[in-house]
Each structure stands twice: as C-alpha cells, then as structure tokens.
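Welcome! Take a look at the picture first, and then read on.

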Amino acid sequence: MYNNFIKFYDGILLNKLASHSVYLLKKMNNQPTVGTAFKTISIFHIAMCVGLIAIVAVFRFIVKQDNTASTPNQTMEIIGIAVGFIGIISARLLFFKQVKTAHTVSALKDKIAIFRNAFIIQMAILEAAALL
C-alpha cells in the first residue's frame, strides 16, 4: 500500500516537472540558454527534495504510530549509514565522470544535455540511498 502511494506521489511530481520542462522549452523557442537550463534543473532538484521529505514524513508518521517497544538494532543503523555514504560517494564520482565528457563537446546544447543527464542520475542514486 505504501509503495503504491510512493509511486503515485513520485509520478505526480515527475508529471508536473515534465510539463513545466516542456513549457520552458516551448517558451524559449527551442533555444536553450544556460539560465533556463539551470532553472529547469533547480526545479527538478526542488521536486526531488520535496518528494523525499514527504516520503520520509509519511514513514516517520507510520513508525510513530507503532506502539510496540523494540530494542534498537545497531547493525541496521550501521548498514544504513554505510549505504548512505556509499550512495553519496558513488553519485558524486559518477556525476563528475559523466560531466568530464562535456569538455570534448563544443555545442552548448550538448553540454547542457550531458550535465542534465548526469545530474538526474546523481539525484536518482542519492534518492535511492536515502530511501534505503
């Protein structure tokens, strides 16, 4: 049930983001500029952060409703910290590896596309690590 809620909520955010991105592309008449590209990326970043905060808030509410007293499992905490750390490091390394390829491209449109794709992959890895 909760997975369906998460998929539904992420779908709404991604649909709004996609429609806003299409609006921005039409508005700039298919002439991407650095400002509009970064505006779209910042909107995507905000949407991903808000979605993650909403999911964490729902999970926190569900856990708070659980009245069973359980002992804390330190092994799971260590695994969670390790997954988060590995997620952050791998996301940054992959991002910089992909952005390095933009140095060989001369067209601004292609550089923006490379950066946008690298950023989306980085955000996906970070969100996956945060949810685990």
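Let's begin with one side chain: phenylalanine 95 counts as buried, because its relative accessibility is 8%, below the 20% cut-off. Please keep in mind that the model is predicted.

**Aromatic rings**

- Phenylalanine 95 pairs with phenylalanine 96: the ring centres are 5.5 Å apart and the planes stand at 65°, so this pair is edge-to-face.
- The structure holds five aromatic pairs.
- One aromatic cluster is formed by Phe38, Phe44, Phe95, Phe96, Phe115 and Phe119.
- Is phenylalanine 96 buried or partly exposed? Phenylalanine 96 is partly exposed, because its relative accessible area is 44%, which lies between the cut-offs of 20% and 50%.

**The overall layout**

- The chain has four helices and zero strands, so reading from the N terminus gives the order α-α-α-α.
- Of the chain's 132 residues, 20% count as buried.
- Among contacts in the chain with a separation of 6 or more, 73% join residues 24 or more positions apart.

**The nonpolar core**

- Which residues make up the largest nonpolar core? It has seven residues, namely Ile41, Phe44, Met48, Phe95, Ala118, Phe119 and Met123.
- Helices α2 (34-65) and α4 (108-131) each supply at least two residues of this core.
- In soluble globular proteins, nonpolar side chains tend to be buried together.
- Phenylalanine 119, a core residue, lies in helix α4.
- Phenylalanine 119 is buried, because its relative accessible area is 12%, under the 20% cut-off.
- What does phenylalanine 119 touch, leaving aside neighbours within four places in sequence? Its contacts are Ile41, Phe44, His45 and Phe95.
- Phenylalanine 119 and phenylalanine 96 are 23 residues apart in sequence, and their C-alpha atoms are 9.6 Å apart in space.
- Methionine 123 is also part of the core, and it touches Phe44, His45 and Met48 when residues up to four places away in sequence are not counted.

- Glutamine 122 has its place in helix α4.
- Glutamine 122 is buried, because its relative accessible area of 6% is under the 20% cut-off.
- Not counting residues up to four places away in sequence, glutamine 122 touches Ala91, Arg92 and Phe95.
- Leucine 126 is in helix α4 as well.
- Leucine 126 is partly exposed, because its relative accessible area is 27%, between the cut-offs of 20% and 50%.
- With residues up to four places away in sequence left out, leucine 126 touches Gly87, Ile88 and Ala91.
- Leucine 126 and methionine 48 are 78 residues apart along the chain, while their C-alpha atoms are separated by 10.0 Å.

**Helix α3 and the surface**

- Which residues make the nonpolar surface patch of about 530 Å²? Phe85, Ile86, Ile88, Ile89 and Leu93 make it.
- One of these, isoleucine 89, is in helix α3 (residues 74-100).
- Isoleucine 89 is partly exposed, because its relative accessible area is 38%, a value between the cut-offs of 20% and 50%.
- Ile88, another member of the patch, is one of the residues touched by leucine 126.
- Isoleucine 81 is found in helix α3 too.
- Is isoleucine 81 buried or exposed? Isoleucine 81 is exposed, because its relative accessible area of 62% is over the 50% cut-off.
- Isoleucine 81 and alanine 130 are 49 residues apart in sequence, with 9.7 Å between their C-alpha atoms.

Definitions and conventions:
Residues are numbered from 1 along each chain as its sequence is written. This is a predicted model: local features need pLDDT of at least 70, side-chain atom pairs count only at pLDDT 80 or more; totals for chains, interfaces and linings use all residues. Side-chain values use heavy atoms; hydrogens and water are left out. A nonpolar core is a set of buried Ala, Val, Leu, Ile, Met, Phe, Trp, Tyr and Cys residues joined through side-chain atoms within 4.5 Å. Buried means under 20% relative accessible area, exposed over 50%, partly exposed in between (1.4 Å probe, protein chains only). Contact means heavy atoms within 4.5 Å. Patches are made of residues with over 30% relative accessible area and no salt bridge: like charges are joined within 9 Å, nonpolar side chains (Val, Leu, Ile, Met, Phe, Trp, Tyr) within 5 Å. Accessible areas come from the Shrake-Rupley method with a 1.4 Å probe; for residues, only the protein chains shown count as cover. A salt bridge is a side-chain nitrogen of Lys or Arg within 4 Å of a carboxyl oxygen of Asp or Glu. Rings of Phe, Tyr and Trp (its six-membered ring) pair if their centres lie within 6.5 Å; planes under 30 degrees apart count as stacked, over 60 as edge-to-face and the rest as tilted.
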